[in-house]
Amino acid sequence: MSAARSSFLAAAEARGFVHQVTDREALAARLAVGPVVAYVGYDCTADSLHVGNLVSIMLLRLWQRTGNKPIVLMGGGTSKVGDPSGKDDSRRLLSEDEIISNMASIRRVFDRFLTFDAGATGAVMVNNADWLDDLAYIPFLREFGRHFSVNRMLSQDSVRVRLEREQPLSFLEFNYMVLQAYDFLELARQHRCEAQMGGSDQWGNIVMGIDLARRIDNRALFGVTSPLITMASGAKMGKTAQGAVWLSADRLSPYDYWQFWRNTDDADVGRFLRLFTDLPLDEIERLEALPGSEINEAKKVLATEATALCHGRAAAAAAADTARSVFAEGGTGAALPTVEVPRAVLERGVPAFELIARSGLAASNGEARRLIKGGGARVNDRAIASETQAIGLGDVTAQGTIKLSAGKKRHALVRPS
């Protein structure tokens, strides 16, 4: 088992997960001795995580698969503060009820990627509100605050960039890195956690936690960060013209999730197969070497494997079948995103731009109008002539739906209710 554990770093590096490690040799030596506990923190600022969080989730998955124990730290406490990393503006402060509701929704995402049980490597989920909510301010500052240099805190990217851009940084947000460092110390004390993992923008916060544990408890802790993942186009991972690529089926259908991966740029296929699937490296090397248009088969494998991890194998297969039906056979596909519209409304007829926006194929009426004017919108595979063209019950097909399309790859169904 020790060989599997010590192979974590080699596997993580081979698949492109590793950007920085605080002390690689020492961590490798520690991994060879026995199971190591590591955590990643997630704030509860929405009711779902998105593809931008997926690298750290897959890193936790690899950590567990190589014989170690993962902790998912939910930021029930830090979500009340807001992480300034990578942000130009302060986050909206969430209510207690919003945070609790978001946390419950996010938990369901992790059930797909990690195994939660009582075993030595079973994942656990903890909430930092359990210790942060009960802190007494003055005693906390006296015991822990004195170990933080304001000069050093001002040099951290999350603070420095905000100040350089002359964007306001509240004192509440300024405390975030202190609380994150304290989280690491508490997890080390309560759960024998020895490593923290996260994105490259968390490096400064992770190092501060390691430093705090050394000063307070004389503990040796480790940090591992992953690189910022961008697409070949230069766009940030997880952001599209239609918004965030959510990991919850309530926010984004498995079909649309499948399509996101299917639309991967040729140059990204191999990298994304390494990061976002469990496929063996030799199989990935075969797929990324496919010549010419055959690379599309690799994209379909990526889409199906990534969707199976997030939504289950059955949902992935259904999405692939729907894509085949829509594109290869000209059908409608049962798994396409579907919006119900009252039959009485369709009987009167709905302007095309309004129905396009209502179906989710455009973010607004204005965007829908531009799509139609540019010739990119279709109803039942026929071009929509004008933005005000009425679409109604007369357009319902034998399958009982109206098929709307935005471009060649995005489709939705309208079903009378």
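## Loop residues with positive phi

Asn218 is located in the loop that joins H12 to strand S6 (222-226). In this predicted model, Asn218 is not a glycine, yet its phi is positive, at about 55°.

## Loop residues with positive phi

Asn218 is located in the loop that joins H12 to strand S6 (222-226). The model is predicted, and in it Asn218 has a positive phi of about 55° although it is not a glycine.

Arg192 occupies the loop between H11 and strand S5 (193-199). Its phi is near 55°, again a positive value in a residue other than glycine. Arg192 is exposed, with a relative accessible area of 69%. As background, most residues other than glycine have a negative phi.

## Packing of H11 against H12

Two packed helices are described by the angle between their axes and the distance between the axes. For helix H11 (residues 176-191) and helix H12 (residues 203-217), the axes come within 8 Å and cross at roughly 55°. This angle makes H11 oblique to H12, and the crossing is right-handed.

On the H11 side, the contact is made by Tyr176, Met177, Gln180, Ala181, Tyr182, Phe184, Leu185 and Arg189. H12 contributes Asn205, Ile206, Met208, Gly209, Ile210, Leu212, Ala213, Ile216 and Asp217. Sorted by class, the contact of H11 with H12 has 12 nonpolar, three polar and two charged residues. An α-helix has 3.6 residues a turn, so residues three or four places apart point the same way.

## Packing of H13 against H16

Helix H13 (residues 254-262) packs on helix H16 (residues 295-311) at an angle of about 140°, and their axes are 8 Å apart. H13 is therefore oblique to H16, since only angles over 145 degrees count as roughly antiparallel. The crossing of H13 and H16 is right-handed.

From H13, the contact involves Pro254, Tyr257, Trp258, Trp261 and Arg262. From H16, it involves Asn296, Lys299, Lys300, Leu302, Ala303, Thr304, Ala306, Thr307, Cys310 and His311. The residues of the contact of H13 with H16 divide into eight nonpolar, four polar and three charged.

H13 is mostly covered, with seven of its nine residues buried. The buried residues of H13 are Tyr255, Tyr257, Trp258, Gln259, Phe260, Trp261 and Arg262.

Helix H14 (residues 269-276) is likewise mostly covered: seven of its eight residues are buried. These are Val269, Gly270, Phe272, Leu273, Arg274, Leu275 and Phe276. The cover over the buried residues of H14 includes helix H2 (8-14), helix H4 (54-65), H13, helix H15 (281-288) and H16.

## Cysteines

How many disulfides does the model contain? The count comes to zero, where a disulfide requires a pair of cysteine sulfur atoms within 2.5 Å. The sulfur of Cys193 is 18 Å from the closest cysteine sulfur, in Cys44, and is therefore too far for a bond. Cys310 is in no disulfide either, as the nearest cysteine sulfur, that of Cys44, is 17 Å away.

Cys193 has 1% relative accessibility and counts as buried. Cys310 counts as buried at 5% relative accessibility, and Cys310 is also one of the H16 residues in the contact with H13.

Ser95 is placed in the loop between strand S3 (69-75) and helix H5 (96-113). With 33% relative accessibility, Ser95 counts as partly exposed. Ser95 and Arg251 are 156 residues apart along the chain, and their C-alpha atoms are separated by 21 Å.

Val150 belongs to helix H8 (residues 150-155). At 45% relative accessibility, Val150 counts as partly exposed. Val150 and Glu194 are 44 residues apart in sequence, with a C-alpha to C-alpha separation of 26 Å.

Conventions
Residues numbered from 1 in each chain as written. Predicted model: local features only at pLDDT ≥ 70, side-chain atom pairs only at ≥ 80, totals over all residues. Heavy atoms only, no water. Buried < 20%, exposed > 50% of the residue type's maximum accessible area, 1.4 Å probe, protein only. Axes fitted to C-alpha atoms, helices over the stretch in contact; angles between N-to-C directions. Helix = DSSP H or I, 4+ residues; strand = E, 2+ residues; numbered from the N terminus. Parallel < 35°, antiparallel > 145°, perpendicular 65-115°, else oblique. Left-handed = near helix turned anticlockwise from the far one by under 90°. Contact = heavy atoms within 4.5 Å. Nonpolar A, V, L, I, M, F, W, Y, C, P; charged D, E, K, R; others polar.
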